[in-house]
Amino acid sequence: MNWKNIIQNITDIFYPPICPGCTAILRPEEEKYFCSDCREKIRFLTGSICPVCGIAFFDSPAGNHLCGNCIGQRPFFSVARAVAAYENTILKTIQKFKYGRDLSTGSVLARFMADFSFPDFDYKKYSLIAPVPLHIKKLRQRGFNQSVILAKALKKKWRLPLNYFLLKRTKFTLTQTGLDKKEREKNIKGVFKVTSDEAVDGQNIILVDDVYTTGSTLNECAKTLRKAGAKEIAALTLARVI
Ligand SMILES: [Zn+2]
Ligand SMILES: [Zn+2]
């Protein structure tokens with residue numbers, strides 16, 4: 001046992017790790033992030049999916065195949081992947097993090113996401129990580145950008161450069177909640193700007209956000225980056241609305 005482990009064990013006696021889903025103290029035999037009960041309620045999106053946007057086909061025996069949306073119109077990102085469905089434990093903890101401003105829950109979620117290996121996603125193909133930006137007004141209200149916290153954990157785990165300022169949100173938009181896909185696309189159109197074409201040119205970029213709802217925000221970010229010369233874009237999120 002090295003010093004780092006010894007210090008960690010002593011810290012755990014005084015500040016035992018807590019499950020962010022239910023605040024129970026994690027038993028030593030339980031996994032790092034969630035207690036067994038909360039973990040059981042996480043639906044990982046690892047079965048059959050659309051190889052482009054990553055939508056899960058839970059009951060399909062057909063294996064991976066393109067979804068109707070991607071056949072109709074290819075998004076500007078080449079792949080989107082989410083760790084889990086936006087429900088139960090994941091929904092509850094993301095809301096606690098974002099709206100309850102609980103940064104310790106955010107830190108657990110970020111490490112949980114970074115530790116997850118997507119079965120068909122290779123981080124080595126990418127040269128840069130960029131979080132989906134918040135408008136300055138929203139950032140002041142919330143005090144932090146949840147995507148930056150997730151992106152920081154990915155940077156640390158996968159040793160990729162992170163650029164917080166690559167994209168800027170130039171317009172304050174009303175919440176996308178309650179809008180359908182078409183309305184969301186309209187609401188988000190032209191909202192982002194690249195801060196430096198040079199930093200984007202020729203790069204393979206991983207966009208990071210907390211939740212993929214219809215993909216309009218991530219697609220608009222990807223479109224902006226592609227126009228500025230980015231080669232390939234991946235969109236990674238912690239959760240996806242099912
Ligand atoms: Zn729990
Ligand atoms: Zn698709």
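I began with Asn163, which is in contact with Leu128, Ala130 and Ala199 once its neighbours within four places in sequence are left aside, contact meaning C-beta atoms, placed from the backbone, within 7 Å. The model is predicted, and local features need pLDDT of at least 70, side-chain atom pairs count only at pLDDT 80 or more, and totals for chains, interfaces and linings use all residues. Residues are numbered from 1 along each chain as its sequence is written, and chains are lettered from A and ligands numbered from 1 in the order in which they are written.

I placed Asn163 in the loop between helix H7 (146-158) and strand E3 (167-169); helices (H or I, at least four residues) and strands (E, at least two) are DSSP runs numbered from the N terminus. Asn163 counts as partly exposed because it has 18 C-beta neighbours inside 10 Å, where 20 or more would be buried and 12 or fewer exposed.

I then turned to H5 and H7, whose axes are 8 Å apart and pack at about 45°, the axes being lines fitted to C-alpha atoms over the stretch in contact, with angles from 0 to 180 degrees between N-to-C directions. That angle makes H5 oblique to H7, since angles under 35 degrees count as roughly parallel, over 145 as roughly antiparallel, 65 to 115 as roughly perpendicular and the rest as oblique.

Last, I looked up H4 (residues 88-98) and H5 (residues 103-115), whose axes come within 7 Å and cross at roughly 130°, and H4 and H5 are therefore oblique to each other. Thr93, Ile94, Lys96 and Phe97 in H4 meet Thr105, Gly106 and Leu109 in H5.

Note on methods
Two residues are in contact if their C-beta atoms, placed from the backbone, lie within 7 Å.
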